[in-house]
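Let's take a friendly look at a protein together. Please open the structure and keep it in view as you read.

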Amino acid sequence: MVFFYDPESDLPADIHDLLARLGVEKVMGFAASSGARLNSQIDMAVAAKAQIFYRVDADDVVAPQRFAQQATLFATSAIDVCGGGLTYAVNDTHERFDVIPKATPGPWDYLLNCAMLHPTLAFRLDTFQKAGLKYWDQRLEDKHLGLQIRKAGLVLKNTPMILGHYHLDPASRSSAQAARLNLSLNKAYLKTIRRFDLLPLAYLIYLSSMLAPSHQLRRIRQWLRHRPS
């Protein structure tokens, strides 16, 4: 097992000691975009002959059963990408709510950013590499990856259980730039699957994100995600 960490932040001494006791190798990353860091880590995992890559974000909490659960799904199912549910913990209000994505997400789920929850993702490295998938170096790198997964025809399955806790910043992705980028990815996805009937929804999501605070949009999304695909 390898622990990647940011060279711009020092690991506390107790973390160093814990990793040493567990026999976990420490590898210093490099200062770059989130996508570039993830690509570097995936390349190192491939070089080490690993079979599965688990994405874990340093500011989130992983459920104890996550790795075993996803490893079992890869061993027993013909899937390429595996995700699961999260408990969202809002930093400012300490509000908590659970989001469990559909086992087989549809177009509505992609448009509403709940087809796959990025801190829960795990990839079968051989098919990931064979499809030539890469994270890009812009924001919404996880949503762009979801578009690539769909274009490549890889099989995504979400397990119906909570795989961790996500610490949510209420102001995250609340900029006009992020809203425009989200719209462009939604339009590209609809073009890929030829669901032009959902273009009005894509524009409604864009307009809503320009007018309403992100925490209100998340509440609306919680309701909309239960609509049919």
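## The whole protein

Keep in mind that this is a predicted model. The secondary structure comes to nine helices and eight strands. The protein has 229 residues, and buried residues make up 43% of them.

Among contacts in the protein with a separation of 6 or more, 71% are between residues 24 or more positions apart. As for the surface, the protein exposes about 12,300 Å², and carbon and sulfur atoms supply 57% of that area.

## Aromatic pairs

How do we describe a pair of aromatic rings? We use the distance of the centres and the angle of the planes. The protein has seven aromatic pairs, counting rings whose centres lie within 6.5 Å.

The cut-off for buried is under 20%.

## A cluster and a charge

Now find Phe53, Phe123, Phe128 and Tyr135, which form one aromatic cluster.

Which ring has the charged end of Lys143 over it? That ring belongs to Tyr110, and the charged end of Lys143 sits 4.8 Å from its centre.

How values were computed
Residues are numbered from 1 along each chain as its sequence is written. This is a predicted model: local features need pLDDT of at least 70, side-chain atom pairs count only at pLDDT 80 or more; totals for chains, interfaces and linings use all residues. Side-chain values use heavy atoms; hydrogens and water are left out. Rings of Phe, Tyr and Trp (its six-membered ring) pair if their centres lie within 6.5 Å; planes under 30 degrees apart count as stacked, over 60 as edge-to-face and the rest as tilted. A charge sits over a ring if NZ of Lys or CZ of Arg is within 6 Å of the ring centre and within 35 degrees of the ring normal. Helices (H or I, at least four residues) and strands (E, at least two) are DSSP runs, numbered from the N terminus. Buried means under 20% relative accessible area, exposed over 50%, partly exposed in between (1.4 Å probe, protein chains only). Contact means heavy atoms within 4.5 Å. Accessible areas come from the Shrake-Rupley method with a 1.4 Å probe; for residues, only the protein chains shown count as cover.
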